[in-house]
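Hello,

Here is the structure for you to look over. My notes follow below it.

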Amino acid sequence: MQLTTRSKRVSNKKLSLGERLYLPAIVGGLGITIRHFFKKKVTIQYPEEQRSMSEVFRGLHVLKRDEVGRERCTACGLCAVACPAEAITMVAAERQPGEEHLYREEKYAAVYEINMLRCIFCGLCEEACPKSAIYLQSDKLAPAFYSRADIIYGKDRLLQSMDSIKTTSLKSGLTNSDRYVDKVWKDGKY
Amino acid sequence: MDIYFFLAKAVIILVIFGITLLVATYSTYAERKVAAFMQDRLGPNRAGPWGLLQPIADAGKMFFKEDFIPANASKWLFIAGPSLAMLTACLTSCVIPFGGTLDLTFLGIDQPVQLQGIDVNIGILYVFGLVSLGVYGVMIGGWASNNKFSLLGAIRAASQNISYELAMSLSIIAIIMMTGSLSISQIVADQDSFFKWNIWRQPVGFIIFITCAFAECNRTPFDLPECETELIGGYHTEYSSMKLGFYLFAEYINMFVSSAVISALYFGGYHFPGESLLAGVLPEGALGHNLLTMIGAGVFFFKILFFIFFFMWVRWTIARFRYDQLMNLGWKSLIPLSIANILVTGVVILLLNN
């Protein structure tokens with residue numbers, strides 16, 4: 001009775017003289033290795049060469065500014081609540097008269113810190129943010145660090161630089177997953 | 001013997017020694033590169049352009065490591081082991097003819113100077129003598145380490161080398177019978193045209209010889225003395241720093257010498273096809289003669305490098321033998337085969353001479 005279609009009949013036949021000489025098999029093996037010798041290598045040489053990342057890749061965080069360069073974050077704390085790794089801490093402060101060009105809302109984050117050792121890059125902070133203030137960049141990885149103090153990212157390293165607000169416009173409060181759904185819809189590949 | 005001839009010989013010996021060490025150094029780099037390429041990787045490419053400074057970085061690392069001698073090791077033998085391995089490896093290359101003769105009459109040397117350390121009439125015997133001495137380096141190192149695995153590796157190395165030396169020497173006897181000389185330069189001179197290369201006249205002997213050469217150099221598929229998976233490195237388990245470096249380096253020098261001996265004995269040494277044609281094109285006199293000799297030496301080095309590559313190629317193709325398979329192959333296949341080869345060669349020589 002045959003139980004499976006994948007069974008192979010084992011043969012115990014004696015090796016022929018050619019097989020016992022080893023040499024034809026060795027020559028065949030040498031042929032295989034030399035073919036690999038000249039094959040194109042698949043290695044990506046990391047620091048010089050970088051693998052292109054997916055549009056929805058969740059990399060290093062950025063705190064966004066609006067079109068005129070004001071910080072979007074209003075220190076509501078929803079990101080910190082949403083964070084499953086409890087990586088985000090913030091201290092809120094009130095905007096003083098004359099600071100309207102710095103902060104968009106009346107309340108802003110005086111301190112905003114993300115612990116990159118805790119962060120699991122899930123992107124829930126991005127989903128939670130009602131002000132489209134925090135994003136995980138798809139083209140930038142959280143870099144390696146040498147000391148423990150290096151891994152707590154404050155506003156100094158998280159805030160979007162003033163130079164880049166002119167070049168990249170904010171995509172109207174869409175999160176990565178929203179953009180992915182949009183793209184799939186547009187491409188018709190769902 | 002005049003002083004200039006002596007000086008010219010001294011320069012040649014120094015150059016041969018330097019080239020031997022250089023080739024051995026870069027064999028370590030080539031080994032890693034070839035291994036990588038055959039496994040679809042890129043290999044070392046960070047130190048210098050294409051990683052060319054890697055051997056220097058490796059040597060620097062070796063020198064700066066702690067030179068440790070285990071407490072229960074026999075101290076003097078522990079040091080003698082790698083020294084002996086290195087010494088015997090370095091001594092071998094002096095009898096190999098790297099090229100024909102140089103005409104140096106313009107320097108006031110009347111005799112033709114051969115590109116060879118010394119032309120002894122027992123060259124091949126000298127090589128075998130030194131190669132079998134090389135076992136002592138491994139044996140003493142393994143014994144002195146006072147470590148079970150090292151001792152096992154050393155015993156394996158000794159028995160393997162003794163078994164394969166027999167077949168190796170027997171396969172050479174056929175060539176010696178044909179040439180009638182033990183001198184390597186005489187054997188090379190005998191293969192002066194492409195169809196007189198010994199590979200055509202002694203194909204079985206060549207296969208036996210190259211198999212034994214792999215075993216003598218402790219290279220895969222016969223690298224049982226130093227197999228990492230079974231013996232954690234074999235005889236050099238306890239070695240560190242440059243003593244370990246010497247063992248590894250000696251292996252590469254042995255590989256270079258084996259390749260040189262294979263090319264000299266079976267592939268016509270510094271002779272190459274079209275040599276007589278080229279000699280007609282080159283200018284007459286000393287200049288043309290010297291040019292031809294240098295081209296011959298270049299060809300010889302090309303052959304050596306090819307065989308070093310072949311050693312590496314085989315290493316990344318064939319898996320290691322089991323110990324009983326190794327001994328079966330040596331004693332039950334190669335030795336009877338080489339004796340049969342001697343008999344056939346003797347009969348053919350007898351028939352041709354009558």
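Is S132(A) buried, exposed or partly exposed? S132(A) is partly exposed, because 17 other C-beta atoms lie within 10 Å. The cut-offs are 20 or more other C-beta atoms within 10 Å for buried, 12 or fewer for exposed, and partly exposed in between, with C-beta atoms placed from the backbone.

Some ground rules. This is a predicted model, in which local features need pLDDT of at least 70, side-chain atom pairs count only at pLDDT 80 or more, and totals for chains, interfaces and linings use all residues. Residues are numbered from 1 along each chain as its sequence is written, while chains are lettered from A and ligands numbered from 1 in the order in which they are written.

Chain A

Chain A has seven helices and five strands. These are DSSP runs numbered from the N terminus: H or I of at least four residues for helices, E of at least two for strands. Their order from the N terminus is α-α-β-α-β-β-α-β-β-α-α-α. Chain A has 190 residues, and 16% of them count as buried.

Two loop residues deserve a look. S132(A) sits between α4 (124-128) and β4 (134-136) of chain A. Its phi is positive, about 55°, although S132(A) is not a glycine. E86(A) also has a positive phi, near 50°, and is a residue other than glycine. E86(A) lies in the loop between α3 (78-82) and β2 (88-94) of chain A. E86(A) counts as exposed, because it has 11 C-beta neighbours inside 10 Å.

Chain B

Chain B has 13 helices and two strands. Buried residues make up 41% of its 354 residues. The C-alpha trace spans about 65 × 50 × 45 Å along its principal axes.

Helices α1 (residues 3-38) and α2 (residues 54-64) of chain B pack at about 105°, with axes 9 Å apart. So α1(B) is roughly perpendicular to α2(B). The classes are under 35 degrees for roughly parallel, over 145 for roughly antiparallel, 65 to 115 for roughly perpendicular, and oblique for the rest. Axes are lines fitted to C-alpha atoms, for helices over the stretch in contact, and angles run from 0 to 180 degrees between N-to-C directions. T25(B), Y26(B), T28(B) and Y29(B) of α1(B) meet Q54(B), P55(B) and D58(B) of α2(B). Contact means C-beta atoms, placed from the backbone, within 7 Å.

S27(B) is also in helix α1 of chain B. S27(B) counts as buried, because it has 24 C-beta neighbours inside 10 Å. Leaving out residues up to four places away in sequence, S27(B) touches Y252(B), M255(B), F256(B) and I308(B).

Cores and interface

The largest nonpolar core has 77 residues, and C212(B) and F256(B) touch the most other members. A core is a set of buried Ala, Val, Leu, Ile, Met, Phe, Trp, Tyr and Cys residues joined through C-beta atoms within 7 Å. Helix α10 (residues 241-266) of chain B gives the largest share, 15 residues. A second, separate core has 20 residues, including A87(A) and Y112(A).

Between the chains, eleven residues of chain A are in contact with nine residues of chain B.

Best wishes

How values were computed. Contact = placed C-beta atoms within 7 Å.
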